[in-house]
Amino acid sequence: MSMTLFTGARFTDGFLDPEPAGPARAKISPLAVAAAVCAVLGFLTTGGFLAGVVLGHLALVRIKRSNGRLRGRRLAWTALVVSWIPIVITTVVFVAMFLIGLDATVHNR
């Protein structure tokens, strides 16, 4: 004897039996979460940006290879963007400062 009490469970011979669940939901990649945390902490320490870049790239590779068992692709991409932008800006500023300094030393001779 079986009767439905509410969606998700049946009353069968004195026991509540859950109905078979659908496909398991993929879990968020821990590397993607770590990359996002490092990207945010990068504003306190420069090493955070570098760790965010490395962990973000590793997370994207693992998510791609997981065949749908891992999710968090957008989180990993966000961490990469947040980490790469300050690195690129800092590099451009240092190169510009170097070139300006090089030009100043040439004209001062």
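Guide: Accessible areas here come from the Shrake-Rupley method with a 1.4 Å probe; for residues, only the protein chains shown count as cover. By that method the chain has an accessible surface of about 8,300 Å².

Visitor: What share of that belongs to carbon and sulfur atoms?

Guide: They account for 70% of the accessible surface. This is a predicted model: local features need pLDDT of at least 70, side-chain atom pairs count only at pLDDT 80 or more, and totals for chains, interfaces and linings use all residues. Residues are numbered from 1 along each chain as its sequence is written, and side-chain values use heavy atoms, leaving out hydrogens and water.

Visitor: What percentage of the residues is buried?

Guide: Of the 109 residues in the chain, 25% are buried. Buried means under 20% relative accessible area, exposed over 50%, and partly exposed in between.

Visitor: And contacts? What share joins residues at least 24 apart?

Guide: It is 48% of the contacts (heavy atoms within 4.5 Å) between residues at least 6 apart in sequence.

Visitor: Which residues make the nonpolar surface patch?

Guide: Trp77, Val81, Ile85, Ile89, Val93, Phe94 and Met97 make this patch of about 700 Å². Nonpolar side chains (Val, Leu, Ile, Met, Phe, Trp, Tyr) are joined within 5 Å, like charges within 9 Å.

Visitor: Where is tryptophan 77 found?

Guide: Tryptophan 77 lies in helix α3, residues 73–107. With a relative accessible area of 44%, tryptophan 77 counts as partly exposed.

Visitor: Which residues gather in the positive patch?

Guide: Arg62, Lys64, Arg65 and Arg73 do, on the surface. Lys and Arg count as positive, Asp and Glu as negative; His and chain ends are not counted. Charges are placed at Lys NZ, Arg CZ, Asp CG or Glu CD.

Visitor: Which helix gives the largest share of the positive patch?

Guide: Helix α2, residues 46–65, supplies 3 residues. Arginine 62 sits in helix α2. Arginine 62 is exposed because its relative accessible area is 52%.

Visitor: New topic. Is glycine 42 buried or exposed?

Guide: Glycine 42 is buried, at 4% relative accessible area. Glycine 42 is in the loop between α1 (30–41) and α2. Beyond neighbours within four places in sequence, glycine 42 contacts Gly48 and Phe49.

Visitor: How far is the C-alpha of glycine 42 from that of serine 83?

Guide: They are separated by 7.3 Å, though glycine 42 and serine 83 are 41 residues apart along the chain.

Definitions and conventions: Patches are made of residues with over 30% relative accessible area and no salt bridge: like charges are joined within 9 Å, nonpolar side chains (Val, Leu, Ile, Met, Phe, Trp, Tyr) within 5 Å. A salt bridge is a side-chain nitrogen of Lys or Arg within 4 Å of a carboxyl oxygen of Asp or Glu. Helices (H or I, at least four residues) and strands (E, at least two) are DSSP runs, numbered from the N terminus. Buried means under 20% relative accessible area, exposed over 50%, partly exposed in between (1.4 Å probe, protein chains only).
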